[in-house]
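Open the structure in your viewer and keep the selection tool at hand. The stops below go from the whole chain to single side chains.

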Amino acid sequence: MNALTGEKIWQVGIGYTAECAATVSPSGYIFPCPSGSDNNSHFVIIRDAGDHGEIVFENFDYQPLSSSAAGLLDRFVVVGRKKNNNQVELLVIDPHNGIISKNPWVGYQPNKATGISLNNDGWIFVNAIGK
């Protein structure tokens with residue numbers, strides 16, 4: 001969307017309807033907010049190429065449980081449930097290299113993470129709910 005006029009510049013189909021606002025990195029990578037209630041929901045990163053958008057990463061192995069937070073080097077942090085074993089994991093996703101870090105969720109397995117944020121020294125904060 002053109003920030004000055006509000007007109008649509010381009011559109012990319014991702015296969016589901018996002019439930020909240022996307023996360024955008026400083027370099028223009030866009031991580032659409034997943035839909036926790038849609039089984040088609042998956043992790044997607046789109047590159048804003050000015051006059052068009054381009055999907056640069058997709059992963060269907062996880063059911064997203066959170067929105068994302070943007071970190072250094074255009075990396076995104078998210079929480080997802082691995083579809084083949086139901087393990088909840090904290091993931092770091094790089095638009096160029098895919099999932100670069102997976103950390104299993106220890107203890108109870110939440111149904112949803114309603115917020116995720118990063119601070120300047122790399123700490124990740126997640127508000128997780130449900131069992």
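Colour the chain by secondary structure: read along the sequence, the pattern is β-β-β-β-β-β-β-β-β-β-β. That is eleven strands and zero helices, where strands (E, at least two residues) and helices (H or I, at least four) are DSSP runs numbered from the N terminus. This is a predicted model, in which local features need pLDDT of at least 70 and side-chain atom pairs pLDDT 80 or more, while totals for chains, interfaces and linings use all residues. Residues are numbered from 1 along each chain as its sequence is written, and side-chain values use heavy atoms, with hydrogens and water left out.

Next, show the surface. Of the 131 residues, 38% count as buried; buried means under 20% relative accessible area, exposed over 50%, and partly exposed in between (1.4 Å probe, protein chains only).

Now look for salt bridges, defined as a side-chain nitrogen of Lys or Arg within 4 Å of a carboxyl oxygen of Asp or Glu. The structure holds two.

Select Arg47 and Glu54. Their side chains form a salt bridge at 2.9 Å, N to O. Arg47 is partly exposed at 30% relative accessible area, and Glu54 is partly exposed at 33%.

Then select Arg75 and Asp94, whose closest N and O atoms are 3.4 Å apart in a salt bridge. Arg75 sits in the loop between strand S6 (69–70) and strand S7 (76–82), and Asp94 in strand S8 (residues 88–94), so the pair ties together parts 19 residues apart in sequence. Arg75 is partly exposed at 31%, whereas Asp94 is buried at 4%.
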